[in-house]
Amino acid sequence: MIPLSLDEIATVVGGTVEGDAAVTVTAPAVLDGRQAEPGGLFVAFAGEHVDGHDYAGQAGRAGAVAVLGSRPTPLPTVVVEDARAALQALAAHVVARLRDGLTVVGLTGSQGKTSTKDLLAAVLSSAAPTVATIGSRNNELGVPLTMLRAGAATRFLVLEMGARHVGDIAGLTGLVAPDIAVVLNVGQAHLGKFGSRAAIARAKGELVQGLAPGGTAVLNADDPRVDAMASLTAGPVLTFGRGEHAGVRVLGLTLDRLGRPSFTLGSADAEAPVALPLVGAHQALNAAAAAAAGLAAGVPLDRAAAALATASLSKWRLELRDLVGGATLLDDSFNANPDSTRAALDALAAIEGGRRIAVLGEMLELGDGSEAEHRAVGEYASSRADVVIAVGTAARPLADGAGARAVAVADNGAAVDWLRGHLAAGDVVLVKASRGARLDEVAAALA
């Protein structure tokens, strides 16, 4: 965050200052008062059940020096009519002030966004100071919060951008037009919200359409809907994939006993070997996307490959952990859709061990085809796992699809009880579901 007085902030967002207008904000903005840093800004929202303004004191004790909100608080406060619009306006102003020395990278896709963002952050950080989205904070609040973490030393700003409706990403690129736009895939995530894959493709394409003049589109050549987005820009296009026509290719992919991929990244004029410390063959394509974006940002392929070899992912993304008793946990409990669940099941199948047990919960927002999609994933799971535990009533079609390999349990507690009674040394357990199912509770209980 660049230093700004409350008087300056009020001018930018069209608000008024209640308290000392000379107070200067020097640290990032937060929505949770407990996460405030010394010199930081607490952004307060008045919700239906919780009023953030009531937590200004908590934020102050943690170090916040001011509040951005819709009414006065015990801390010096910039009062505005719409806190969300004010937060976005402030973020746009800060990045505009930094833009001469800053390369902005926007990244989207139906799955793999956060993992690829983490890989890209590692690549860019190897070259210059980088700020990237924390976790999956990729919406109309998370993106401006990430933007406000940029400072005078920042050279790369990586913004993961999510969408639940057509127009969401266009709204985000309206805050900051990216210099590089990375589109990973067009899948089934939030299909119930969008209504069709064509609508999802339109939403993801907004990132390419929102590029800054002369900006580069980095596109998945293996996904026809993404590859077609090259027509949405007059600027340069760089592709990645496994096919021969990709600009950055994955070559010679192999997996070790823990399902970790090794391969060669090849471009028109260079090749570089990569050994990822991550589980799953699909991570190789994510790494290719990160390397391609790195090339667009001026990071050579060999430097990107070296950075990828030391990268780590955000919490609950195919985390491999040893359990007491000799079993292994593969925790991918943050979120799920049919495509990402199949990828996780492939990762499970690639790990050497005894039985492979897939603990699967509901995949949300799949629309009218939800039951059929759950059944199809259950069928796929039966080809990748020895036991498929379907957790909760909504996940029952998973059990139907898995057939004789299925165990249907009522809730997370029942899943934990079953696992504690049946796990043996050498077993490998995958935990995967949409965030609303909270299967991280199952993973935590096992660990």
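Where is Gln111 found? I looked this up before anything else.

**Entry: the model.** I am working from a predicted model, in which local features need pLDDT of at least 70 and side-chain atom pairs count only at pLDDT 80 or more, while totals for chains, interfaces and linings use all residues. Residues are numbered from 1 along each chain as its sequence is written, and side-chain values use heavy atoms, with hydrogens and water left out.

**Entry: Gln111 and Gly112.** I found Gln111 in the loop between strand S8 (103-108) and helix H4 (113-125). Helices (H or I, at least four residues) and strands (E, at least two) are DSSP runs, numbered from the N terminus. Gly112 lies in that loop between S8 and H4 too. UniProt, in an unreviewed entry, places the feature "binding site" at positions including Gln111 and Gly112. I note that such annotations may be inferred rather than shown by experiment.

I checked accessibility next, where buried means under 20% relative accessible area, exposed over 50%, and partly exposed in between (1.4 Å probe, protein chains only). Gln111 has 17% relative accessibility, so I put it down as buried. Gly112, with a relative accessible area of 25%, is partly exposed.

For contacts (heavy atoms within 4.5 Å), I left aside neighbours within four places in sequence. Gln111 then touches Leu184, Asn185, Gly187, Asn337, Asp339 and Ser340. Gly112 is in contact with Leu184 and Asn286.

**Entry: H12 and H13.** At what angle do H12 and H13 pack? I noted about 10 degrees for helix H12 (residues 338-350) and helix H13 (residues 370-384), with axes 10 Å apart. Axes are lines fitted to C-alpha atoms, for helices over the stretch in contact, and angles run from 0 to 180 degrees between N-to-C directions. The two helices are therefore roughly parallel (angles under 35 degrees). Among the residues that meet are Leu345 and Leu348 in H12 and Val377 and Tyr380 in H13.

**Entry: the sheet.** I traced an open sheet of six strands with mixed pairing, in the order S17-S18-S22-S19-S20-S21. Two strands pair if DSSP finds at least two bridges between them. Strand S17 (319-322) and strand S21 (406-409) are at the edges with a single partner strand each, so one side of each has no neighbour in the sheet. The twist from one strand to the next averages 20 degrees.

Strand S19 (residues 356-360) pairs with strand S20 (residues 387-391) in the parallel sense, over four bridges. Val359 has Ile389 in S20 as its bridge partner. H12 also packs on this sheet, touching strand S18 (328-332), S19 and strand S22 (428-432).

Note on methods
Parallel < 35°, antiparallel > 145°, perpendicular 65-115°, else oblique.
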